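Thank you all for making time this morning. I would like to take you through the helices and then the sheet of one model, so please keep the picture in view while I talk.

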Amino acid sequence: MDNHATTARMFLSAMERSEKIYTHYLASGRTYRDALDLKECNAHIRDMVGTDLPNLPVQMRSPAQKLIRHYDDWLSLWEDFDRSRDFGPDNLFLFENPHHFPKEAARSLIEYYRCQSLEMLFIGKKDDRNAYHAAEYVRQIFPHTTVLFGARGESFPEDMLWWKGDYIFSYLSPWIIPEGLLQRAAQGAINWHPGPPEYPGIGCTNFAVYNCETVFGITCHYMAGRVDTGRIIEVRKFRILENDTVFSVTQKCYACILNSFLSILDKIAVGDALPQSDEAWTRTPYTRKELDALCKIMPDMPLEEVYRRVKATTYDRPWAYTEIEGLKFLLK
């Protein structure tokens, strides 16, 4: 972690401590003892922001200067009042302060430093337009982001197994992310699954089309050791129309995933709690073996079943096939 990220974490910690001390000061009779703790903490914040001021982007310098001016005025009043008499630790320490705390400036700085402080790992699908958009967004918001793209069949990079940080984001990742790496994300590892909780695993849009579903969706969830079993954050749903295909349903999923991703990242950036869905996974994840079986057309199948399977296994091309005496014949 670089020096600016370290400063960011120190600033956030000091602001949190200042708020706790002030709350205790109000609750315990506004004593000199607590007022002195608050003064020392606020002086530390003032010096920290002043030292970091040259390193801040232009848009953050005005909020920083407002906060510095407030602390300068407050500290000057504090010291004048302290000199006015000899205070004991339990004496009331309360003085008039005409300067209001600049809440918006502090909020802006907290949000900025929070984004600077977090270490992210983004794992996405190679050559996917939405995954690239998502990666660029997370880089813009959280500068300390490691981005990794992969394709099906590629090995997971071993050097990434030692990454350690705050969040892992799996955006249509082609890999099952090792459990050991998931545990190295202090705040959580989050995945966006292109299917609702009723359709975990692989080929979920295929099975939804085969089952003639009229409502589908996506699931944002924390990752666990087993695929598509982690605690659900949110579910977003949409209608499946009569003329929808596997391709069009998948595109609807991708749009929902991008919207959910942006929403979740915005909450993380401002420190809001993430949603907690009441929904739960309803079955074991679909497997590659089950999807392959769905693609197989048997000679004795009813015509309606053949049509359902062909529709459910056609994406950019038909995946359905029939097999005669060990020879596989693909549809075209």
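Let me begin with handedness: a crossing is called left-handed if the near helix is turned anticlockwise from the far one by less than a right angle, and right-handed if clockwise. In that sense α2 passes α3 in a left-handed crossing, where helices (H or I, at least four residues) and strands (E, at least two) are DSSP runs numbered from the N terminus.

A word on provenance: this is a predicted model, in which local features need pLDDT of at least 70 and side-chain atom pairs count only at pLDDT 80 or more, while totals for chains, interfaces and linings use all residues. Residues are numbered from 1 along each chain as its sequence is written, and side-chain values use heavy atoms, with hydrogens and water left out.

Now to the helices in turn. Helix α1, residues 3-27, packs against helix α2, residues 32-52, at an angle of about 155°, with the axes 9 Å apart; axes here are lines fitted to C-alpha atoms, for helices over the stretch in contact, and angles run from 0 to 180 degrees between N-to-C directions. The two are therefore roughly antiparallel to each other, given that angles under 35 degrees count as roughly parallel, over 145 as roughly antiparallel, 65 to 115 as roughly perpendicular and the rest as oblique. The crossing of α1 and α2 is left-handed. Its contact, meaning heavy atoms within 4.5 Å, includes Phe-11, Met-15 and Tyr-22 of α1 and Leu-38, Cys-41 and Met-48 of α2. The residues of this contact of α1 with α2 divide into 13 nonpolar, 6 polar and 4 charged, where Ala, Val, Leu, Ile, Met, Phe, Trp, Tyr, Cys and Pro count as nonpolar, Asp, Glu, Lys and Arg as charged, and the others, Gly among them, as polar.

Moving along, the axes of α2 and helix α3, residues 58-83, come within 10 Å and cross at roughly 145°. Among the residues that meet there are Leu-36 and Ile-45 in α2 and Trp-74 and Trp-78 in α3, and the contact of α2 with α3 holds 14 nonpolar, 2 polar and 5 charged residues.

Met-60, Pro-63, Ala-64, Lys-66 and Leu-67 in α3 meet Ala-105, Ala-106, Ser-108, Leu-109 and Tyr-112 in α4; by class, that is 8 nonpolar, 1 polar and 1 charged.

Turning to the sheet, 6 strands form an open sheet of mixed pairing, in the order β2-β1-β3-β4-β5-β6, two strands being paired if DSSP finds at least two bridges between them. The edge strands, each pairing on one side only, are β2 (145-150) and β6 (232-239), and the twist averages 15° from one strand to the next. Inside this order, β1 (residues 120-125) and β3 (residues 165-171) pair in the parallel sense over 5 bridges, with Tyr-171 of β3 as the bridge partner of Gly-124. Helix α5, residues 129-141, packs on the sheet and touches β1, β2 and β3, its direction making about 170° with that of β2.
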